[in-house]
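Here are a few notes to read alongside the structure. Take them one at a time, and find each residue in the viewer as you go.

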Amino acid sequence: MRIEGRKDDVIKDSKGNSIAPVTVRWTFYDMNLDGYQIQQVGEKDYKILVVDSINFNLIRKKFIDSLVHLLGEDSNIDIRIVDKIKRSSFGKIRTTINLMV
């Protein structure tokens, strides 16, 4: 299988399987989040930035359950509630960043 796109946008689950940004977007598509970003900081370690909103508080459990399903039962997930997520130079919010690359 070949995944195209920027190398630093592909993260891996706790078993080492690649997860493309589009998979992440589809996982959270129906949650109407104001913004989120998954940063892989270690083999099984992830920092999740979520923009604070009333909606996030309503779907928090669903969001966490979806993260565990996506990243793996044995993943270490650190969720941080933020006011905003830094945009790229093109004005986009990158949904996934692999900081191990």
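1. Let's begin with a term we need. A polar contact is a pair of N or O atoms within 3.5 Å; inside a protein, one of the two must be able to donate a hydrogen and the other to accept it. Now look at D9 and R94: their side chains make such a contact, at 3.1 Å. Please keep in mind throughout that this model is predicted.

2. Stay with D9 for a moment. This residue sits in the segment before β1, the strand of residues 11-12. Is D9 buried or exposed? Its relative accessible area is 12%, and buried means under 20%, so D9 counts as buried. Leaving out residues up to four places away in sequence, D9 touches I19, P21, R94 and T96. For a sense of distance, D9 and S75 are 66 residues apart in sequence, and their C-alpha atoms are 18 Å apart in space.

3. R94 turns up again when we move to Q37. You will find Q37 in strand β3, which covers residues 36-40. A polar atom of the Q37 side chain lies 2.9 Å from the backbone oxygen of R94. Notice which part of R94 is involved each time: the side chain with D9, and the backbone oxygen with Q37.

4. Setting aside neighbours within four places in sequence, Q37 is in contact with K47, I48, L49, I85, R94, T95 and I97.

5. Next, zoom out to the whole protein chain. There are two helices and six strands, and from the N terminus on they run β-β-α-β-β-α-β-β.

6. How does the overall size compare with a compact globule? For 101 residues, such a globule would have a radius of gyration near 13 Å; the protein chain has 13 Å, so the two agree. Along the principal axes, the C-alpha atoms fill a box of roughly 40 × 35 × 20 Å. Of the 101 residues, 40% count as buried. Among contacts between residues at least 6 apart in sequence, 66% join residues at least 24 apart. The accessible surface comes to about 6700 Å², and 51% of it belongs to carbon and sulfur atoms.

7. Helix α2 deserves a point of its own. It spans residues 54-71, which makes 18 residues, and reaches 25 Å from first C-alpha to last, close to the expected 26 Å. Even so, look for a kink of about 65 degrees centred on R60.

8. Which residues of α2 are buried? They are F56, I59, F63, S66, L67, L70 and L71. A general rule is handy for reading that list: an α-helix has 3.6 residues a turn, so residues three or four places apart point the same way. The buried residues of α2 pack against β1, β2, α1, β3, β4 and β5.

9. Finally, visit the loop between α1 and β3, where N32 lies. N32 is not a glycine, yet its phi is positive, at about 50 degrees.

Conventions
Residues numbered from 1 in each chain as written. Predicted model: local features only at pLDDT ≥ 70, side-chain atom pairs only at ≥ 80, totals over all residues. Heavy atoms only, no water. Helix = DSSP H or I, 4+ residues; strand = E, 2+ residues; numbered from the N terminus. Contact = heavy atoms within 4.5 Å. Buried < 20%, exposed > 50% of the residue type's maximum accessible area, 1.4 Å probe, protein only. Expected span 1.5 Å × (residues − 1). Bend = angle between axes of the 7 residues up to and from the residue. Rg over C-alpha atoms; globule rule 2.2 N^0.38 Å. Areas by Shrake-Rupley, 256 points an atom, 1.4 Å probe, with all protein chains shown as cover.
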